[in-house]
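Please keep the model open while reading.

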Amino acid sequence: MLDHLGDLKRTHNCGELRPDDAGKEVLLMGWVHRRRDQGYLIFIDVRDRWGMTQVVFNPDVNEQAHAKAKSLRTEFVVAVSGTVHNRHEKTINEKHATGAIEVHVNQLHILNQANTPPFVIEDRVEGVGEELRLKYRYLDLRRPVLQRNFILRHKIAMKVREILDQNHFLELETPILTKSTPEGARDYLVPSRVHKGKFYALPQSPQIFKQLFMVSGLERYYQITRCFRDEDLRADRQPEFTQIDMEMSFVQMEDVFEVVEHMMAEVMTLIDVDATRPFPRIAYTEAMDRYGSDKPDRRFGLELQDFSTLVASCDFKVFADCITNNGRVKGICVPGGSDLSRKDIDQLESWLKKDYGIKGLAWMKWTDEGVAGGISKFLGDLGPDLFRAANGSQGDLLFFVADSREKANQALGALRLQVGKNRNLIDESRFEFLWVIDFPLLEFDHEQGRYIALHHPFTSPLDEDLPKLSTDPGQVNAKAYDLVLNGFEVGGGSIRIHRRDVQDAMFKALGIGDEEANLKFGFLLDALSFGAPPHGGIALGLDRLVMIMAGEKSLRDVIAFPKTTSATCLMTDSPSEVSVNQHVELGIHVMRGAKSD
């Protein structure tokens with residue numbers, strides 16, 4: 001027989017009682033975390049969001065409650081009332097904040113029973129696959145580690161609101177059902193019942209609407225908003241995600257940096273991290289050349305080295321031919337890397353060939369007997385010079401990639417990260433912010449045969465590069481910037497185009513004609529004709545920021561109800577089919593297995 005809650009009111013949560021509370025009459029509520037029946041005494045750990053408290057059932061205190069406690073099982077929902085006692089010194093549990101006390105129960109109320117859960121509700125769930133945890137996500141969310149993640153997420157959001165309010169930002173909402181304007185990732189489409197054959201799109205970003213707020217004269221906008229992109233997933237990407245979206249009028253990049261750095265510094269205090277300001281800045285081309293990435297992790301070294309000049313006239317034909325064909329010979333020096341086996345090196349080479357399309361991964365080691373192994377026999381006396389150029393020493397290993405500048409940078413950037421992880425070179429206790437600036441405005445897409453926007457088509461070119469937009473668009477740099485934290489892009493923004501003529505020129509550079517531009521963006525173009533102020537902003541990924549601050553490896557551990565890597569929800573079994581009646585009502589005919597041209 002279950003009990004009713006009635007007029008029971010808990011006096012304390014399960015994480016707050018301390019030795020000073022000894023003698024108090026208390027009433028706790030929560031879940032049975034663990035039960036230990038020693039016959040005469042029954043010990044129960046009661047858990048709620050705040051922590052855990054040990055309660056004791058003693059027949060000498062209340063025989064009826066003791067008898068009732070024998071029926072308790074894991075995850076039963078209970079209310080217990082009793083007296084707080086200090087534990088004997090030898091039985092204090094240092095793992096819990098409440099470990100110095102226990103509650104001697106005089107009354108037990110069983111508010112609900114529970115089936116045996118499919119996995120133990122503990123921080124560590126050894127041997128339990130993620131699919132099972134996602135299927136029973138409501139149980140997974142009971143685990144203290146995940147609850148800590150979501151408490152941190154809440155605190156970050158509250159801190160953001162506090163700081164932006166102090167800086168005169170207005171929290172404003174933008175539409176969820178909007179117009180499809182695909183430029184980049186695919187839109188999620190929503191059919192209209194009222195206007196059959198027409199569709200809304202879920203927003204990939206509030207970009208255009210926040211610009212319209214600036215045209216409206218509201219000057220400072222922000223929103224913690226949901227966005228949607230129909231793209232392939234990975235550990236740090238989901239089809240629906242949350243971003244801290246901001247926009248400001250009458251600003252330059254430095255004004256945006258000042259607000260964001262202040263906000264990030266305050267947010268990092270939530271995990272007792274002192275973020276030094278101003279954050280370092282690095283140009284896009286320098287980041288690619290030094291780290292092989294536009295989101296470099298600067299918590300460790302292993303910077304890319306350019307050996308092109310040194311090997312241009314060498315006898316090793318692979319290197320010499322690469323330089324002759326305007327390629328680059330670049331590499332990284334791995335401290336102590338001479339202990340890598342040939343098998344280890346071959347595995348790295350196979351991976352880089354497959355994923356990055358390089359022709360090969362060359363190498364040599366500095367051993368006790370000098371420079372040896374790999375390509376050293378083709379380089380003669382040049383081997384030691386290459387090690388010295390990379391500040392190498394005995395016991396190190398040099399990796400080389402000879403290819404185009406772009407391929408060499410990308411492959412070595414990936415190798416740098418892999419080696420850093422494999423050899424524990426990354427200081428996980430550090431938090432390194434970095435601004436990446438001076439991005440190209442456009443990049444040429446050979447498949448589409450046209451330029452595409454590196455960020456988005458509303459990013460302003462540098463003032464001095466504006467004339468090149470019509471004559472040499474590939475050489476135009478942007479007023480764009482990314483905020484990087486520990487090798488993750490946590491934010492991207494720009495100063496926007498605020499003039500109609502410049503936006504028209506941008507669309508032309510992208511191969512978007514007047515008719516298409518008006519069809520997709522006519523309302524924005526009209527708005528720019530009515531006195532749009534200079535403006536700019538940024539979107540910060542809340543999910544990714546929480547993931548980094550919580551020390552997690554996957555976004556799914558900081559999103560309450562995430563999707564799998566195949567964009568499905570195992571708990572609700574979605575996406576799912578809908579009835580034929582709904583198809584008819586929406587004017588939709590489903591073509592299963594159809595392929596697009």
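Helices, taken as H or I runs of at least four residues, and strands, taken as E runs of at least two, are DSSP runs numbered from the N terminus. The model discussed here is a predicted one. In that numbering, Pro575 has its place in the loop between helix H17 (542-550) and H18, and the peptide bond that joins Ser574 to Pro575 is cis, with omega about 5 degrees.

**The second largest pocket**

Pro575 also takes part in the second largest pocket, which has a volume of about 830 Å³: 18 residues line this pocket, and Pro575 is among the closest to its centre, together with Tyr188, Leu189, Pro191 and Ser576. At least two residues of the lining come from each of strand S7 (188-191), strand S8 (199-202) and helix H18 (580-586), and S7 supplies the largest share, with 3 residues. By class, the lining is made up of 12 nonpolar, 3 polar and 3 charged residues.

**Helix packing**

| Helix pair | Angle between axes | Distance between axes |
|---|---|---|
| H5 (207-215) and H16 (514-528) | about 20 degrees | 10 Å |
| H15 (500-509) and H16 | about 160 degrees | 11 Å |
| H4 (144-166) and H6 | about 140 degrees | 9 Å |

How are H5 and H16 oriented to each other? Their axes make an angle of about 20 degrees, and because angles under 35 degrees count as roughly parallel, H5 is roughly parallel to H16. The crossing of these two helices is left-handed. In their contact, Ile208, Leu212 and Val215 of H5 meet Phe521, Phe523, Leu524 and Ala527 of H16, and the classes of these residues are 7 nonpolar, no polar and no charged.

H16 has a further partner in H15, and here the angle of about 160 degrees makes H15 roughly antiparallel to H16, since angles over 145 degrees are counted in that way. H15 passes H16 in a right-handed crossing. On the side of H15 the contact holds Arg500, Gln503, Asp504, Phe507 and Lys508, and these meet Asp514, Ala517, Asn518, Phe521, Leu525, Asp526 and Leu528 of H16; by class, the contact has 5 nonpolar, 2 polar and 5 charged residues.

H4 passes H6 in a right-handed crossing. Ile156, Lys159, Val160, Ile163 and Leu164 of H4 meet Val259, His262, Met263, Glu266 and Val267 of H6, and the residues of this contact divide into 7 nonpolar, 1 polar and 2 charged.

**Backbone features in loops**

Most residues other than glycine have a negative phi, and most peptide bonds are trans. Against that background, the cis bond between Ser574 and Pro575 is joined by another, from Arg277 to Pro278, for which omega is near -5 degrees. Pro278 is found in the loop between helix H6 (253-268) and strand S11 (281-283), so that the numbering of helices and strands by DSSP runs places this proline between H6 and S11.

Where does Glu75 lie? Glu75 is in the loop between helix H1 (63-69) and strand S4 (77-86), and the phi of Glu75, a residue other than glycine, has a positive value near 75 degrees.

Methods
Residues numbered from 1 in each chain as written. Predicted model: local features only at pLDDT ≥ 70, side-chain atom pairs only at ≥ 80, totals over all residues. Heavy atoms only, no water. 1 Å grid on protein atoms, 1.4 Å probe; cavity = no way out; pocket = protein on both sides within 12 Å on 5 of 7 lines; lining within 4 Å. Points joined across faces, edges and corners; volume = space filled by probe spheres on them. Nonpolar A, V, L, I, M, F, W, Y, C, P; charged D, E, K, R; others polar. Axes fitted to C-alpha atoms, helices over the stretch in contact; angles between N-to-C directions. Parallel < 35°, antiparallel > 145°, perpendicular 65-115°, else oblique. Left-handed = near helix turned anticlockwise from the far one by under 90°. Contact = heavy atoms within 4.5 Å.
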